[in-house]
Amino acid sequence: MTETIAAGSAAGPGDLPEQAEIVQAESVADLRRTGINPDFWYPVAVSASVRKKKTFPAVFAGERIALYRGESGTVYALEDRCAHRQVPLSMGVVEGDVLRCCYHAWAYRGTGRISQIPYLPKGVSRPPRGVRAYPVREAYGLVFVFPGDPEKAATAAFPELPEFDSSRHKTMMFSRTVRCHYSFMHENLLDMNHQFLHRGILGKIQPKLLGYETSPDSVQASYLFTHVGGKRNRGANLLAAEGIGGSKSPDVITIRTGYPYQTLRLVPEDAELPAFSLWVAYVPEDAEQRTNHVYGLLMIEKPPVPGALHLAWPFIRRFTERVFAEDRMAVEAEQRAWDEQGEDWNREVFPLILDVRDVLRRNGVPIRSGPALCGAASFCGAAATGRRLP
């Protein structure tokens, strides 16, 4: 069920009696202690970083993953440890489509099974199990893995980005580490009331929430952006199509958290198609999920004038990097405050953010702790539950 809410119609925590607000706060789990759900496709590397016949060390929420591209060009993803002495397989050597450990030369197929132990005497059987293999897919210039239950990988929805390969769009890729819990990133992009942070780049922006929709696994909000004063960065004008396409109207920005991904579309008020759209995933790196890697794809519509976007590209890149740097400063400060306080002291007043927090809690999972953090916790857990391993 989806609920549509007009701007200003929802009651926020400020409308509750103070005692009720305290009880409500105490009964809600701290979102920053919620882990991301592994049963989705997550990017863990830029495709160009995984070179032919080379390895690449990746990570997902404390699970170390060895990516390698075989001679055939196929990318494989294995648990980053040799079953023999636990040496990282990402230190190994690629031979054909097999990955060989750098220490004792144990060889592994892309399925994770051991294909050879060079010095094993005849008549002595190999260990029955190798290491965990992750389902892996390449798309949009990224390498995706499915870190959850492998039996769910075939039916799990994969991100659809029709504008990525369109001849009408050019794509800018982002790959950055941010030292904060992934939930801070969702809140930052969805809550456009923070434009004061970007006043030195955007000038004075007046965002107006037009309305939003919520469901058990998504929140979508639309804003009207009006520039009301101050100097705006040249890259901002170009990205909004003012300098390329000539639009001078306010922009309608629609942001959606559709768990676990996030999207943003900017459409000039007098246009039908977006000037640009953004797809982004926040992938936890450490086991405590206090650091995440941001993979973003910014798809910008090409203007009618040939070559105009090529000339504007450096200005747009610098502008987006400056905005990202300011946002990173803010969310990392939020994380530091949480670390110092040991819990979430936020007193949020924006109903939209309260809703997205509910979505992230509802769809998330407990953060693992203790012995389960072996580098491939779900693989280890499978042995305990009786699930068949490689």
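1. Tyr140 is buried, with a relative accessible area of 14%. The cut-off that counts here is 20%, and Tyr140 is classed as buried because its value is under that. Please keep in mind throughout that this is a predicted model.

2. The backbone at Tyr140 deserves a look. Its phi is near 60°, a positive value in a residue other than glycine. Most residues other than glycine have a negative phi. Tyr140 sits in the loop between strand E11 (136-139) and strand E12 (142-145). These two strands form a hairpin with 2 residues between them, and Tyr140 takes its positive phi there.

3. Ala61 is not a glycine, yet has a positive phi of about 50°. Its place is the loop between strand E4 (55-60) and strand E5 (63-69). Is Ala61 buried or exposed? Ala61 is buried, at a relative accessible area of 3%.

4. Then there is a cis peptide bond. Most peptide bonds are trans. The one from Tyr259 to Pro260 is cis, with omega near 0°. Pro260 belongs to the loop that links strand E16 (251-258) and strand E17 (261-268).

5. E3 and E12 are antiparallel and share 4 bridges. Among the partners, Tyr42 is bridged to Val145 in E12, and Pro43 to Phe144 in E12. On the E11 side, E11 and E12 also pair in the antiparallel sense, over 4 bridges. There, Val136 stands opposite Val145 in E12.

6. How are the faces of E12 placed? Both are covered: Leu142 and Phe144 are buried on one side, and Val143 and Val145 are buried on the other.

7. Another open sheet has 4 strands in the order E7-E8-E9-E10, again with antiparallel pairing. Its edge strands are strand E7 (93-95) and strand E10 (114-116), each of which pairs on one side only. Within the sheet, strand E8 (residues 98-100) and strand E9 (residues 107-108) run antiparallel and are joined by 2 bridges. One of the bridge pairs is Arg100 with Ala107 in E9.

8. For the helices, I looked at one pair. Two packed helices are described by the angle between their axes and the distance between the axes. The axes of helix H2 (residues 182-190) and helix H6 (residues 308-341) come within 10 Å and cross at roughly 135°. This angle makes H2 oblique to H6. The crossing of H2 past H6 is right-handed. At the contact, Phe184, Met185 and Asn188 in H2 meet Asp327, Val331, Glu334 and Gln335 in H6.

9. H2 is largely enclosed by the rest of the structure, because 9 of its 9 residues are buried. The buried residues of H2 include Tyr182, His186, Glu187 and Leu190. Phe184, Met185 and Asn188, which meet H6, are also among the buried residues.

10. How many disulfides does the structure hold? The number is 0. A disulfide is a covalent bond between the sulfur atoms of two cysteines. For Cys82, the closest cysteine sulfur is in Cys101, at 3.9 Å, which is too far for a bond. The cut-off for a disulfide is 2.5 Å. Cys82 is buried, with a relative accessible area of 2%, and Cys180 is buried as well, at 0%.

11. Last, the chain totals. The protein chain has 8 helices and 20 strands. Of its 390 residues, 49% count as buried. Among contacts between residues at least 6 apart in sequence, 63% join residues at least 24 apart.

Note on methods: Residues are numbered from 1 along each chain as its sequence is written. This is a predicted model: local features need pLDDT of at least 70, side-chain atom pairs count only at pLDDT 80 or more; totals for chains, interfaces and linings use all residues. Side-chain values use heavy atoms; hydrogens and water are left out. Buried means under 20% relative accessible area, exposed over 50%, partly exposed in between (1.4 Å probe, protein chains only). Two strands pair if DSSP finds at least two bridges between them. Axes are lines fitted to C-alpha atoms, for helices over the stretch in contact, and angles run from 0 to 180 degrees between N-to-C directions. Angles under 35 degrees count as roughly parallel, over 145 as roughly antiparallel, 65 to 115 as roughly perpendicular and the rest as oblique. A crossing is left-handed if the near helix is turned anticlockwise from the far one by less than a right angle, and right-handed if clockwise. Contact means heavy atoms within 4.5 Å.
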